[in-house]
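Subject: Structure for your review

Hello,

Here is the structure I promised. Please open it alongside this note, which goes through what I found.

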Amino acid sequence: MKSQQLRKVAPELDALRLGSGWSIEDLEKPQIIVESSYGHSHPGSAHLNRLVEEADKGVSDGGGKAANYYVTDICDGEAQGHDGMNYSLVSRDIMAAMMEIHVKATPFDAGVFITSCDKSVPAHLMAIARLNMPAVFVPGGIMKAGPGLLTLEQIGKYNAQFVRKEITEEQLILYKKDACPDCGACSFMGTASTMQVMAEALGIAMPGSALIPTHIRSLKDMTRRAGARAVALATEQLLPSEIMTPEAFENVIMVHAAIAGSSNSLLHLPAIAHELGIHLPPELFDEIHRKIPFLLNICPSGFWPGEYFWYAGGVPAIMEEIKEFLHLHVRTVTGKTVGKNLEVMRQTGFYEGTRKYLNALGVKVSDIIKPLEEPIRPQGAIAILKGNLAPEGAVVKHAAVSTKLMQVTLRARVFDNEETALEAVLHKNIQPGEAVFIQYEGPKGNGMPEMFYTTEAIASDPELIETIALITDGRFSGATRGPAIGHVSPEACEGGPIALVEEGDLIHIDIPARKLEITGIQGIPKTPEEIEAVLRVRRKNWIKPNPPYTQGILSVYTKNSVSPIKGGYMESKD
């Protein structure tokens, strides 16, 4: 094993580990790094040391020695509403880099990677892919819903209602107190929950491990088994590159379609695949979402809170429903194939174990996971739009869009930051029939922050949610509802057409035809040739803005990030 080989060339290694509390016997064992995002940063990480302890026990059970390392993540919820959100996406890449440093600087034979949330799950998966060391990912679980099935993503709606004087401050405070009753990922199918599901569907997490409610003993038991499995992986030398294959990524996208997963997955999955030399074009997401139906009735696109997904059988149950489409022969971290894992789950009582919780609530499995022949929608939730406004593509979660906005022409209202756009929405300065543009929010602009408060302000306004659209080169929260089109590429800071849109331009959205186009100037329809001529003039007069960050990590990120539609990851420059 690698650790034993390096002990021979680094004699100080033994002494230093003995000084850290290791025994002589420990030095001879497979050495397993246990990475987690534990910290008091938010509920998704505050509980993880309890899982680290279980992983350590599992490593010991398997005959290995665990070493605990930490890279604490930040919380998108706590970063909302201020410039802290600009640091969110780059934190993914920096976390992955720190885990790379941990493993490359010190010899380990395998790893257990434990985390829960929006950027930390893709960061851990990027690190696993980049290191290509035997590893198992452990999803950190999900919190319970609050009273009345309250979940955190509803706070944005209630805050907008408070600003418009529709509810009292006392009501808002009560909602805040009840929204996060315990630790884990927020209890809806946002980015955190989606990425836990993606990790399991990818085969790098144990079957049935995604979104286990943190108050249930099963989460600790699964983590202990994962620790033991990591030791076995060190012996077997089953590498992530043998698990996270192109066909495995296709399986992931199929599951993503079936659960109406977060649009942020279209940033994270390509970034993870990139670490393995695999290209996931946006067209692949669109193609798969066209053929896989939307089955999962979990908020924000459905009704029930996120914990109910695991109660209904979780990822294995979703995979069973779409089994005829999946690549069942691909290998997973168990050493078995996807098809064999599903067979084992049926035979070992997994579904009986999860569904007893659902039965106690008086809810049926079919209330949560619809059968393939009776889907919520016949297609998945995501569409990739293209046209003269988004030559490389743009992302829309059409499952959350009103049917009235599927094919529509709107007048452009243009803003170069979210703050002014949000004020316009909240104070009724946006009218039905308008398209709100927020420019210069892509990776090279401001680090690609979420436009969560603006989307919530729109979604909570019954007049606007079915009559306007929000279009940006930024991104959206996994909790986003309503008419939101993001990841527009090329981004404004690179001189993409979104930078050239002006007040009064006519914007045509045709989601069934996958079109996003400028079709008129100052309210007057024009031919495509006329539009292109106008854009040429505007492009000639366009002035590239000065970099918003000239020092610190955002200076590095905005210089080196790729476009939103490619994943927004940093690439090395020659």
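**Salt bridges**

Both Lys-65 and Asp-26 are buried, where buried means under 20% relative accessible area, exposed over 50% and partly exposed in between (1.4 Å probe, protein chains only). Their side chains meet in a salt bridge, 3.8 Å from N to O. A salt bridge here is a side-chain nitrogen of Lys or Arg within 4 Å of a carboxyl oxygen of Asp or Glu. The pair links distant parts of the chain: Lys-65 sits in strand E2 (residues 65–70) and Asp-26 in helix H3 (residues 24–27), 39 residues apart. Helices (H or I, at least four residues) and strands (E, at least two) are DSSP runs, numbered from the N terminus.

Before going on, two notes on the source. This is a predicted model: local features need pLDDT of at least 70, side-chain atom pairs count only at pLDDT 80 or more, and totals for chains, interfaces and linings use all residues. Residues are numbered from 1 along each chain as its sequence is written, and side-chain values use heavy atoms, with hydrogens and water left out.

The whole structure has 30 salt bridges. Another one joins Glu-54 and Arg-217, with the closest N and O atoms 3.9 Å apart. Glu-54 lies in helix H4 (residues 48–61) and Arg-217 in the loop between helix H10 (191–202) and H11, so this pair ties together parts 163 residues apart in sequence. Glu-54 is buried, at 4% relative accessible area. Arg-217 is partly exposed, at 46%.

Glu-502 and Arg-538 also meet through their side chains, at 3.5 Å from N to O. Glu-502 is in the loop between strand E10 (484–489) and strand E11 (506–510), and Arg-538 is in helix H24 (residues 528–541). Glu-502 is partly exposed at 38%, while Arg-538 is buried at 10%. Salt bridges with shared partners join Glu-54, Lys-57, Arg-217 and Asp-221 into one network.

**Cores**

The largest nonpolar core has 116 residues, and Val-197, Phe-309 and Ile-368 have the most contacts inside it. Helix H13 (residues 246–259) supplies the largest share, 9 residues. Apart from this core lies another, of 34 residues, including Leu-385 and Val-414. A nonpolar core is a set of buried Ala, Val, Leu, Ile, Met, Phe, Trp, Tyr and Cys residues joined through side-chain atoms within 4.5 Å.

**Surface patch**

Which residues form a nonpolar patch on the surface? They are Ile-74, Tyr-87, Ile-94, Met-98, Ile-101, Ile-553 and Val-556, with about 530 Å² of accessible area together. Patches use residues with over 30% relative accessible area and no salt bridge; like charges are joined within 9 Å, nonpolar side chains (Val, Leu, Ile, Met, Phe, Trp, Tyr) within 5 Å. Areas come from the Shrake-Rupley method with a 1.4 Å probe; for residues, only the protein chains shown count as cover.

H6 gives the most to the patch, with 3 residues. Helix H6 (88–105) and helix H25 (553–560) each supply at least two. Tyr-87 lies in the loop between helix H5 (76–79) and H6. In H25, Leu-554, Ser-555, Tyr-557, Thr-558 and Asn-560 are buried. The buried residues of H25 pack against H6 and helix H22 (443–446), with contact meaning heavy atoms within 4.5 Å.

**Overall**

The protein has 25 helices and 13 strands. Of its 574 residues, 61% count as buried.

Best wishes
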